[in-house]
Amino acid sequence: MLTSVDADLMRVLSDPLRLRIVTLLARETLCTTHMVEETGAKQTNLSNHMKVLREAGVVETEPCGRFTYYKLRPEVLAGLSGQFAALAESARTATGNRRACP
């Protein structure tokens, strides 16, 4: 069963730019400058999205001199993926179930 935490995470990931950022971070750890180059987003807009992703626990930061690198937390996505896999399995086994209309 999906929880309100899972629903919040899905809302966070439903934004196209945040989903693009997560996709980029799945391949490598990046700093804001790299993500600005990759996405074409303004730095302030990107920073706001990174704050949302950090607060949701999707990414973590690594300070490196005057730069901040962002790294994806795969266990968060794996947990959500597991919830969807459980829903899919439930749907497979419930194909013959039908509630009678009153």
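Which helix does Thr-32 lie in? Thr-32 belongs to helix H3, which covers residues 32-39. Keep in mind as you look around that this is a predicted model.

Is Thr-32 buried or exposed? Its relative accessibility is 14%, so Thr-32 counts as buried. If you skip its neighbours within four places in sequence, Thr-32 is in contact with Gln-43, Leu-46, Ser-47, Thr-68 and Tyr-70.

Now for helix H2. This helix runs over residues 16-27, twelve residues in total. From first C-alpha to last, H2 reaches 17 Å, which is close to the 16 Å expected at 1.5 Å a residue.

Which residues of H2 are buried? They are Leu-17, Arg-18, Ile-21, Val-22, Leu-24 and Leu-25. Looking down the axis of H2, you'd find these buried residues within an arc of 165°, so they line one face of the helix. On the face turned away from that buried side sit the exposed residues Pro-16, Ala-26 and Arg-27.

H2 also has a partner in helix H4, residues 43-55. Two packed helices are described by the angle between their axes and the distance between those axes. Here, the axes of H2 and H4 come within 10 Å and cross at roughly 75°. That makes H2 roughly perpendicular to H4. On the H2 side, the residues that meet H4 are Leu-17, Arg-18, Ile-21, Val-22 and Leu-25. Their counterparts in H4 are Asn-45, Leu-46, His-49, Met-50, Val-52 and Leu-53.

Let's zoom in on Leu-25, which lies in H2. Not counting residues up to four places away in sequence, Leu-25 touches Leu-30, Met-35, Met-50, Val-59, Tyr-70 and Leu-72.

Leaving out residues up to four places away in sequence, Ala-56 touches Leu-9 and Val-12.

Here are the accessibility values for the residues on this tour:

| Residue | Relative accessibility | Class |
|---|---|---|
| Thr-32 | 14% | buried |
| Leu-25 | 5% | buried |
| Ala-56 | 30% | partly exposed |

Finally, some C-alpha separations. Leu-25 and Met-35 are ten residues apart along the chain, with 9.1 Å between their C-alpha atoms. Ala-56 and Tyr-69 are 13 residues apart in sequence, and their C-alpha atoms are 17 Å apart in space.

Methods: Residues are numbered from 1 along each chain as its sequence is written. This is a predicted model: local features need pLDDT of at least 70, side-chain atom pairs count only at pLDDT 80 or more; totals for chains, interfaces and linings use all residues. Side-chain values use heavy atoms; hydrogens and water are left out. Helices (H or I, at least four residues) and strands (E, at least two) are DSSP runs, numbered from the N terminus. The expected span of a helix is 1.5 Å times one less than its number of residues. Buried means under 20% relative accessible area, exposed over 50%, partly exposed in between (1.4 Å probe, protein chains only). The arc is that of the directions from the helix axis to the C-beta atoms. Axes are lines fitted to C-alpha atoms, for helices over the stretch in contact, and angles run from 0 to 180 degrees between N-to-C directions. Angles under 35 degrees count as roughly parallel, over 145 as roughly antiparallel, 65 to 115 as roughly perpendicular and the rest as oblique. Contact means heavy atoms within 4.5 Å.
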